[in-house]
Amino acid sequence: HYPLRRQRQMCIRDSYRTVRREWTGLDQHRLDKFYSLMRSMLRECLTFAQQRDWSSEALAAVVLPLDAEVLVQPWPNGLRLHMCDLVIPELAKVGGAGLTTVQALAVLQPFLVAMATSADKVVAERARARVLLDLIEAKRKQRTKGEAMDEESEGEDGTSMLNGLDLEALQATVFDLAAATETREKYRAGLYDAHKGLQGLTGKK
């Protein structure tokens, strides 16, 4: 199993490196193609993990290069922002309602870290908005309607498909993140606001 994971991890790593290397030379036409490529690549990576029952080895092969080669890299920002936009809808499409909280948080962990510690405020705010705030808003809509959003809405943001995600566990994770010593002071208020939004859904302090 280890050689397969290692090979997959290296393949994903090299793919991200290639995209970063080519990014600055892209015109708008090629940029759109690269955006589509990144969506397909992320979906294939998540499918790789899903087909292996989201094992820790498969998740590591997917998440580690995403973090090391995209999210913690100082450039290009467009790539980092795009991955923030993609992760929730693509995770929902691949994992669906059967995705457990532990599995979902394992995939989202580098984005949670980014929203708390990134040196780039734009990246931190995009991660918080697309991973937490969009999810909270989708769950509020579900609560208001008393049922899951219709299929058309799911196709737009995908968040309503993450019905297996324990919001109380996510709420606790966000609180711990907001209170952590490693979290930059300028991001604490935003994380506590997200915690408050989750609190409104769960009713738990």
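Trp54 is buried, at a relative accessible area of 10%, where buried stands for under 20% relative accessible area, exposed for over 50% and partly exposed for anything in between (1.4 Å probe, protein chains only). The model is a predicted one, so to speak of local features takes a pLDDT of at least 70 and side-chain atom pairs count only at pLDDT 80 or more, while totals for chains, interfaces and linings use all residues. Residues are numbered from 1 along each chain as its sequence is written, and side-chain values use heavy atoms, with hydrogens and water left out.

Trp54 sits in the loop between helix 2 and helix 3; helices here are DSSP runs of H or I with at least four residues, strands are runs of E with at least two, and numbering goes from the N terminus. The phi angle of Trp54 is positive, near 55°, in a residue other than glycine. Asp53 belongs to the loop between helix 2 (28-51) and helix 3 (56-71), and its phi is positive too, near 60°, again in a residue other than glycine. What about burial at Asp53: buried or exposed? Asp53 is exposed, with 64% relative accessible area.

Of its 205 residues, 47% count as buried. Among contacts (heavy atoms within 4.5 Å) with a separation of 6 or more, 69% come from residues 24 or more positions apart.

Two helix pairings involve helix 4. The axes of helix 2 and helix 4 (residues 77-95) come within 9 Å of each other and cross at roughly 45°; axes are lines fitted to C-alpha atoms, for helices over the stretch in contact, and angles run from 0 to 180 degrees between N-to-C directions. Helix 2 and helix 4 are therefore oblique to each other, given that angles under 35 degrees count as roughly parallel, over 145 as roughly antiparallel, 65 to 115 as roughly perpendicular and the rest as oblique. The crossing of helix 2 past helix 4 is right-handed, meaning that the near helix is turned clockwise from the far one by less than a right angle, with anticlockwise making it left-handed. On the helix 2 side, the residues that meet helix 4 are Tyr35, Met38, Arg39, Leu42, Arg43, Leu46, Thr47 and Gln50, and their partners in helix 4 are Gly78, Leu79, His82, Met83, Leu86, Val87, Glu90, Leu91, Lys93 and Val94. The contact of helix 2 with helix 4 splits into 10 nonpolar, four polar and four charged residues (Ala, Val, Leu, Ile, Met, Phe, Trp, Tyr, Cys and Pro count as nonpolar, Asp, Glu, Lys and Arg as charged, and the others, Gly among them, as polar).

Helix 4 also packs with helix 5, at an angle of about 175° and with the axes 11 Å apart. Helix 4 and helix 5 are therefore roughly antiparallel. Helix 4 brings Met83, Cys84, Val87, Ile88 and Leu91 to this contact, and helix 5 brings Ala104, Val107, Leu108 and Phe111. By class, the contact of helix 4 with helix 5 holds nine nonpolar residues, no polar and no charged ones.

Tyr16, in helix 1 (residues 2-23), is buried at a relative accessible area of 1%. Not counting residues up to four places away in sequence, Tyr16 touches Met38, Met41, Pro65, Leu66, Glu69, Val70 and Met83. Glu69 lies in helix 3 and counts as buried at 7% relative accessibility. Beyond its neighbours within four places in sequence, Glu69 is in contact with Arg13, Tyr16, Arg17 and Arg20.

Ser118 is found in the loop between helix 5 (101-117) and helix 6 (121-145) and counts as buried at 9% relative accessibility. Leaving aside neighbours within four places in sequence, Ser118 contacts Arg80, Val113, Val123, Ala124, Arg184 and Tyr187. Ser118 and Val72 are 46 residues apart in sequence, yet 7.6 Å apart in space, C-alpha to C-alpha.Finally, the aromatic rings: the count comes to one pair, where rings of Phe, Tyr and Trp (its six-membered ring) pair if their centres lie within 6.5 Å, and planes under 30 degrees apart count as stacked, over 60 as edge-to-face and the rest as tilted. Phe175 and Tyr192 have ring centres 6.0 Å apart and planes at 65°, so the pair is edge-to-face. This pair links helix 8 (residues 167-179) to helix 9 (residues 185-202). Phe175 is partly exposed at 38%, as is Tyr192 at 32%.
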